[in-house]
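Welcome! Here is a short briefing to read alongside the sequence and the structure.

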Amino acid sequence: MSPAAQTPNGVATQTPQQREEVVTIYERSRPGRRAFSPPALDVPERPLDELLPPSLRRAAPPELPEIAEPEIVRHYNGLSKRNFDLDSGFYPLGSCTMKHNPKLHERVAALPGNARLHPLQAPARAQGALELMWNLERALAEVSGLPHVSLQPSAGSHGELAGVLLTRAYHADRGDERTLVLTPDTAHGTNPATVTMAGYEVVKVGTSPDGGVDLEDLRRKADDRVACLMLTNPNTLGLFDPNIEEIARITHDAGATLYYDGANLNAVMGISRPGDMGFDIVHFNLHKSFTQPHGGGGPGAGPIAVSDRIEPYLMVPRIVRSEDGEGGVPRFDLEEESPKSIGRLRGFQGNYGVFVRSYAYICSLGAEGLREASEIAVLNANYLLALLRRPEIAPYLPLAYGERCMHEFVLSGAPMKRDLGIRTTDLAKRLLDHGYHPPTVYFPLLVEEALLVEPTETETRETLEEFAEAIGAILREAAEDPEIARNAPYSTPVRRLDEAAAARTPVVRQPARG
Amino acid sequence: MSRYTSLTDEDLREMLAAIGVSSIDELFDAIPAALRLGRRLDLPEGLSEQEVYARLRAMAERNVSAEDELTFLGAGMYDHYVPALIDSILQRSEFLTPYTPYQPEISQGGLQVMFEYQTAISELTGLPISNASLYEGPSAVGAAAYLAKLANGRRDVVVSRGVHPHSRATLETLAPGYGQAVAEIPLIDGVTDLAALEARIGPDTTAVIVQQPNFLGAVEDLEPIVAAAKAVGALVVCACDPLPMALLRTPGELGIDVAVGEGQSLGNRLDYGGPSFGFFAASQEHIRRMPGRIAGETRDVDGRRGFVLTLQTREQHIRREKATSNICTAQVLNALAGVIYLSWIGKRGAVELAELMLRRADYARRALTALPGVRALHDQPVAREFALALDAPVAAVLERCAAEGVNAGYALGREYPEFADGLLVAITEQRSRADIDRLADVLGRAVAAERSTAMAGALS
Ligand SMILES: Cc1ncc(COP(=O)(O)O)c(C=O)c1O
C-alpha cells in the first residue's frame with residue numbers, strides 16, 4: 001500500500017501505514033504479575049473448608065488479567081487515544097445534545113460527602129443529598145411545568161418505561177382497560193420498544209407534509225383503546241409541532257395520556273413548557289440538556305415530571321420536605337409508603353452522582369442562563385442550517401422538512417446519493433477524516449438517507465463555519481471522485497469494519513484460555 | 001453566571017442576518033403564543049463557578065459519608081476501596097465525554113473496553129456471553145425476567161425472598177407490563193425454602209430467581225434449586241455479588257441460564273446509590289435475546305483487528321417494538337471502572353480479596369455473636385455480610401452506635417418484618433480487625449444499654 005497521502009485541504013486519503021495491531025488486557029497478562037496487594041490478614045487463618053464448604057466453591061479462579069499498575073495505565077491510556085470525544089472536537093450527533101460538560105461538575109460530584117455516601121444512610125444523616133435532590137426536583141418541575149417529579153429512572157428509556165407504566169396504573173385505577181399506545185413514525189426506537197415492555201401494542205401515527213403529527217391520522221386512531229400518545233416536541237425532525245394544543249385535545253378527549261419524550265428539551269428550556277402544552281408525563285435526559293457527561297454510553301439519568309392526576313402512582317421512594325427540622329431548618333425524608341404507587345424501577349434513589357452534576361449546572365446557569373442556552377442552541381442550529389443551504393450544498397443535502405428548525409435539523413442525502421454516488425454513511429465516514437464526529441445518520445427513519453444535525457449552544461460560530469466548509473469540501477471531492485468518500489475513513493485507528501461478519505459469528509469475549 | 005457559550009453581540013448580529021431573521025425570538029415563531037412561557041423561570045439567578053462550588057460543598061458536608069464514620073452498612077452497595085488509577089482513567093475526556101460508539105472507526109477504545117469488560121464478567125460468572133452493562137442490579141433482575149418471557153412466554157416469576165428487596169420490588173413494578181405474576185418463596189434457616197419452592201413451581205413458571213449470597217448474607221446451595229427449576233422447564237436466574245464470585249461456584253458450573261448483578265463493588269463509588277452498573281450474562285442459547293449493547297470482534301477492510309457493536313438487530317433502534325429491550329443509554333463508564341478494577345485486583349488478587357473478606361466476616365460474626373444479647377440470625381456460610389438478631393430495639397441500638405461514630409449496619413425490620421430484631425453487617429476489606437473490635441465494643445455497650453433501659457422500664 002502506498003504511504004499516506006493528503007488532499008490539498010490536508011485531509012488524509014490513505015491509511016497511515018504504521019498502525020500497530022491492538023492487544024487486549026488479557027493478552028498483556030503474564031502469570032505472576034499483579035497490581036493489587038491486599039491488606040494484611042489480621043484475623044485467624046481458619047481453613048477455607050470450614051468457612052465455605054468445597055461443594056459451594058468454584059473449580060478454578062476466574063481468568064482475570066495478571067498485570068502491574070503501570071501496564072494497566074498504559075493499556076487504558078492507549079485505548080483512550082483510539083476514541084474521539086466531545087472535549088476534542090465538534091460532535092453534532094443529533095438527538096443526543098453533545099454540549100460541553102463543565103469540569104466543575106466532576107469536582108463537586110467527587111466530594112466525599114457525595115461520592116462516599118451510602119444509599120442506605122439514615123435520611124437524618126443524608127440531609128445535604130436529600131436537599132439537593134429536592135431542589136433538583138423543584139427545578140425540573142419548573143422547567144417542565146409539571147408539578148411532581150421522580151428522579152429515579154436511570155436514562156431516557158427508563159423514564160419512558162416509568163411513564164407508560166404510570167399510564168397503565170392510571171387507567172387500571174379507573175377500571176379502564178386499554179391496549180394501544182400511539183407513537184409517531186418519527187419516534188426514537190426506545191418509544192416503541194418501551195410500549196411493548198409495558199404490555200401495550202404500538203400503533204404508528206403518520207407525519208404530515210409539514211413535519212408535524214398528521215392530525216387526520218391521529219383523529220382516526222385516537223379511540224378508547226388508546227392508553228397514551230408518546231411524542232417529542234420539538235420532534236426528531238427538529239420541528240416544533242404548532243398543532244400541539246389540538247393534539248393534546250384529541251388525545252385527552254380519547255381518554256389517553258400524553259407523554260413527552262424530553263430528549264429534545266434543550267430547544268425550549270425557559271421558553272415553552274411541556275406541562276403548558278398539555279403533556280401529562282415528561283422525561284428529562286440529564287445526560288443531554290443537563291450536561292451529565294455521556295461516558296461512552298452512560299451513565300445518564302431520566303427523571304420524570306407528572307401532572308396531578310398521575311402523581312398518586314409515582315414511584316417510591318418519594319422525597320418529602322417538612323418544616324419541623326431543628327432551628328427552623330427544613331427536614332427531608334424518604335417516603336416509601338404510597339398506596340397507589342407503581343413501586344420501584346431500580347435500586348436505591350437513582351443516579352445521584354448525575355443529579356449532583358445537573359444541579360450544579362442549574363445553579364450555574366439560573367433561570368436566565370437556561371433560557372439563553374436554549375436560545376443559542378436554536379440560533380446555532382439555524383445558523384448552521386443557513387450555511388448548509390448554500391447553493392453548492394443544498395441541492396445535494398436538502399432540508400427534509402420545513403424552512404427553519406429548532407435546536408437540530410434533518411437533511412436528506414437522497415439527492416447526494418443519486419447525483420454524486422455517495423451515501424449518507426460515506427459522508428459521515430469522510431467527516432471522520434476531517435476530525436468531526438458525524439451527525440446522527442439514518443434517523444429519523446422516514447427521511448431517506450437522513451442526517452440529523454444538532455450543534456448545541458456551546459459551539460462557536462467558527463466551528464459551525466468550519467464544519468459547513470468540510471461538508472462542502474466533501475461534496476466537491478465526491479463530484480470529482482466518489483471513491484474517496486466511499487472508502488473513507490483513512491486517518492482513523494481502523495477503517496471500515498466488517499459488521500456483518502461480527503454478527504454472523506459473534507466473538508463477544510476473549511477466547512477462554514487452556 | 002457561568003454559561004459555557006461563546007456568542008458575542010457581533011456574532012449574534014451576523015448570524016441572525018445570515019439566517020434572515022431579525023431576532024432570536026423569531027426563530028421560535030412556530031411555538032403558539034399561548035404556549036410561550038412569557039416570564040422568567042422561577043429559579044434563582046445563576047452563580048459563578050466558585051459560588052456553585054461553595055454551595056455544593058456546604059450541602060455535601062451535611063451528609064455523613066463513609067469518610068466520616070466507621071461503617072458496616074452494605075445491603076447491596078459496599079464501601080470497598082476504589083484504587084486511584086480508576087479516578088485517573090475515568091476522568092480522561094476520551095472515556096468521559098463521548099457517547100455510544102455509533103462510529104466504530106473513532107470509538108475503538110470504548111468498544112475494546114466493552115469487549116474486555118464482557119470477558120471479565122464472563123469469567124466471573126462462568127457464562128459465555130455478557131452484554132456491555134445495564135443500569136444497575138435490580139433493573140438487571142427485571143431485564144432477566146423479560147428474557148425469560150422471550151424465551152418461554154410463561155407467566156409466573158418465582159423469586160426467593162432472599163433476593164434484594166429492591167430487586168423484588170422492581171419485578172413487581174414490571175410484572176403488569178410483562179404480563180407476568182410474581183410469587184415469593186420464603187426463607188428457612190436463612191436460605192431459600194427448597195420444599196416451598198418445589199411446591200410452588202410448575203409448567204407456568206417462566207423463571208426461578210435467586211440471589212447469591214442472598215440478602216441475609218447466606219451462601220445458598222443452588223444445586224437443588226437449579227435442578228428443581230430445570231425439572232419444570234423454567235429458566236434459572238441468579239443475582240450474584242461479583243466479588244465473592246471469585247470463590248463461589250459459578251452460575252456456569254451450576255447450569256444457571258442468566259447471571260445478573262449489581263456492579264458497584266467493582267471499582268465504583270457509593271455515590272448515594274448510583275451511578276453504578278448492572279451486569280448481565282447468559283448461556284449461549286440466549287445470545288439473540290440479550291438486552292443492551294454487545295461489542296464483538298471483527299476486522300477492518302485492511303484486515304486490521306477491531307471491535308464493533310454487534311447483534312444490533314436485537315436492539316430498539318433497529319427492531320423497535322420487537323426489540324429484546326428498550327435500553328439505549330446504559331452505564332458504560334461505570335463498566336469501565338469495573339473492568340479496570342478487575343484487572344487491578346487480577347486473577348490472584350480476586351481470590352485473596354474474597355478470602356480476606358470471608359475470614360474477617362467470620363471473625364466479626366464470632367466476635368459479635370459472643371456479645372450478650374446478640375446472636376446469629378442464621379448459621380449458613382457467609383462471604384462478606386451476615387445477619388444478626390439483637391435482643392434490643394435495633395433502631396435505638398443503631399442510634400447509640402452512630403453517636404459514637406459507628407454505623408453498625410442495616411436494620412432488617414422494614415423490609416423483613418419477620419426479622420424486626422435483625423441487623424445486617426457488612427465487612428469489606430476496608431474494615432480491619434481493629435475496626436471490627438471497635439464495632440464489637442460499641443455494639444456491645446449499645447445493646448447492653450438498651451437492655452438495661454428496657455429492664456428498668458419493666459421494673460418501674
Ligand atoms: C428522541 C429520543 N428519545 C429517547 C432516547 C432514549 O434516551 P436514553 O438513551 O437516555 O435511554 C433518545 C436518545 O438516546 C432520543 O434521542
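Predicted model: local features only at pLDDT ≥ 70, side-chain atom pairs only at ≥ 80, totals over all residues.

**The largest pocket**
- Its lining is made up of 43 residues, and those nearest the centre are A:Thr440, A:Val441, B:Tyr102, B:Gln312 and B:His317.
- By class, the lining has 18 nonpolar, 18 polar and 7 charged residues.

**The second largest pocket**
- Here 27 residues form the lining, with A:Leu120, A:Gln121, A:Ala122, A:Pro123 and B:Leu398 nearest the centre.
- Two or more lining residues come from each of strand E9 (331-335) of chain A and, in chain B, helix H13 (394-403), strand E15 (406-407) and strand E16 (410-411).
- H13(B) contributes the most, with 4 residues.
- This lining divides into 14 nonpolar, 6 polar and 7 charged residues.

**A sheet in chain A**
- Three strands form an open sheet in the order E10-E12-E11 (chain A), with antiparallel pairing.
- Strand E10 (409-412) and E11 of chain A are at the edges with a single partner strand each, so one side of each has no neighbour in the sheet.
- E11(A) pairs with strand E12 (residues 450-453) of chain A over 2 bridges, and A:Thr440 has A:Leu452 in E12(A) as its bridge partner.
- Helix H12 (residues 352-388) of chain A lies across E10 and E12 of chain A, at about 20° to E10(A).

Terms used
Residues numbered from 1 in each chain as written. Chains lettered and ligands numbered in written order. Heavy atoms only, no water. 1 Å grid on protein atoms, 1.4 Å probe; cavity = no way out; pocket = protein on both sides within 12 Å on 5 of 7 lines; lining within 4 Å. Nonpolar A, V, L, I, M, F, W, Y, C, P; charged D, E, K, R; others polar. Pairing = 2+ DSSP bridges. Contact = heavy atoms within 4.5 Å. Axes fitted to C-alpha atoms, helices over the stretch in contact; angles between N-to-C directions.
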